[in-house]
Amino acid sequence: LSYVAWYKDGVLTLNGYKGKEIQVCGSTKSDLTVKLKGSNTITSSYRAGIIQNGKGGSITVTADNGSSGKLTINATYSYSVAGIDNGSVASDILGDVTIKGHADVRIITTADSVTGQAYGIYARDTANINTTGKIKIDVKTAGEDGAYSFGIYAMSTANLTTVKEMEVQWKKDTTTTNSSGGAVYKGASFN
C-alpha cells in the first residue's frame, strides 16, 4: 500500500506528506490524531498548519518507535497564526494539543501584519509534550513593535513531561512595561 496521507477512524497517517494545511471541520466534536512516518512538511498560508476549524476537539501528533516520524510546519498569515491550533473559535468544545510517542516536530510561524501574533501551539485547553523526539518552535517573526509571540499558548495548562531536546524562540512586545510574549504562556509544569 503506497500513500502520503491516509485517514481512518480519527487517525490521519502522514507518510512523506508535503502539502498544505490540515483542517478538521464538522458540526460535532472531532478529535484528530496525526501519526507520522518519515519526514513530512506542511506549508500553510492560512491561520495554522493543523487547525481545528469545526466544533472543536483535541489534536494529537505522534510517531511510533522506529518510524522516523518527523513533521515540519511552516505557517505564514497576515494576522495571528499558529503551527497547531485547536482554540481559535471561541465557541469550540475544549480540547488538548498533544505531541507524544517518538515524534520530532518543528514549527515556524510568521505573522506578517503590523499587529499579528505568532504561536507555535495554541491549545483551547491543555498543551502536552511527552515525546522522545525533538521539539523546535520558532515564532519570533510577529508583527511590528507592539506584536508578540508565544511558543506554547495553552488556555489551561502546559505539561512538559518528556522531550529529548526542546528549543523555543519568541518575540516580546517591547512597547509596554508588562510585555507579553514568551516560551510558554502562564508557565508550564515540568514532570
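The count of salt bridges in this predicted model comes to 4. Side chains of opposite charge can pair when their charged atoms come close. Among the salt bridges is one between the side chains of Lys29 and Asp31, with an N to O distance of 2.9 Å. Lys29 is partly exposed, at 39% relative accessibility, and Asp31 is also counted as partly exposed, at 41%.

Another salt bridge joins the side chains of Asp64 and Lys35, at 3.0 Å from N to O. This pair links distant parts of the chain, 29 residues apart: Asp64 sits in the loop between β8 (59-63) and β9, while Lys35 belongs to strand β5. Asp64 has a relative accessible area of 38%, so it counts as partly exposed. For Lys35 the relative accessible area is 24%, which again means partly exposed.

A further salt bridge is formed by Asp104 with Lys70, whose closest N and O atoms are 3.6 Å apart. Because Asp104 lies in strand β12 and Lys70 in strand β9, the pair ties together parts of the chain that are 34 residues apart in sequence. Lys70 is partly exposed, with a relative accessibility of 37%.

Six strands form an open sheet in the order β3-β6-β9-β12-β15-β18, and the pairing is parallel. The edges are taken by β3 (18-19) and β18 (165-169); each has a single partner strand, so one side of each is left without a neighbour in the sheet.

Within the sheet, β6 (residues 39-44) runs parallel to β9 (residues 70-77), and 6 bridges join these strands.

The nonpolar side chains come next. The largest nonpolar core has 39 residues, and Ile50, Val61 and Ile121 are those with the most contacts inside it. Strand β15 (residues 134-142) gives the largest share of this core, 4 residues.

Which residues does Ile50 contact, leaving aside its neighbours within four places in sequence? Ile50 is in contact with Ile22, Leu32, Val34, Ile42, Ile59, Val61, Leu71, Ile73, Gly83, Ile84 and Asp85.

Asn128 lies in strand β14 (residues 127-131). Is Asn128 buried or exposed? Its relative accessible area is 18%, and since the limit for buried is under 20%, Asn128 counts as buried. The side chain of Asn128 makes a polar contact with the side chain of Thr98, at 3.2 Å. Apart from neighbours within four places in sequence, Asn128 is in contact with Asp96, Val97, Thr98, Ile99 and Asn159.

Lys37 belongs to strand β5 (residues 32-37). At 32% relative accessibility, Lys37 is partly exposed. With neighbours within four places in sequence set aside, Lys37 is in contact with Tyr3, Thr13, Leu14, Asn15, Gly16, Ser67 and Gly69. Lys37 and Ser78 are 41 residues apart along the chain, and their C-alpha atoms are separated by 31 Å.

Last comes the confidence of the prediction. The protein has an average pLDDT of 90, and 95% of the residues score at least 70. Confidence is highest in β6, at a mean of 98, and lowest in strand β20 (residues 189-190), at 76. Where pLDDT is low, the predicted coordinates should not be read in detail. Strand β6, with the highest confidence, is the one joined to β9 by 6 bridges.

Methods:
Residues are numbered from 1 along each chain as its sequence is written. This is a predicted model: local features need pLDDT of at least 70, side-chain atom pairs count only at pLDDT 80 or more; totals for chains, interfaces and linings use all residues. Side-chain values use heavy atoms; hydrogens and water are left out. Two strands pair if DSSP finds at least two bridges between them. Helices (H or I, at least four residues) and strands (E, at least two) are DSSP runs, numbered from the N terminus. pLDDT is the predictor's confidence in each residue, from 0 to 100. A nonpolar core is a set of buried Ala, Val, Leu, Ile, Met, Phe, Trp, Tyr and Cys residues joined through side-chain atoms within 4.5 Å. Buried means under 20% relative accessible area, exposed over 50%, partly exposed in between (1.4 Å probe, protein chains only). Contact means heavy atoms within 4.5 Å. A polar contact is a pair of N or O atoms within 3.5 Å; within protein, one must be able to donate a hydrogen and the other to accept it, and residues adjacent in sequence count only if both atoms are side-chain atoms.
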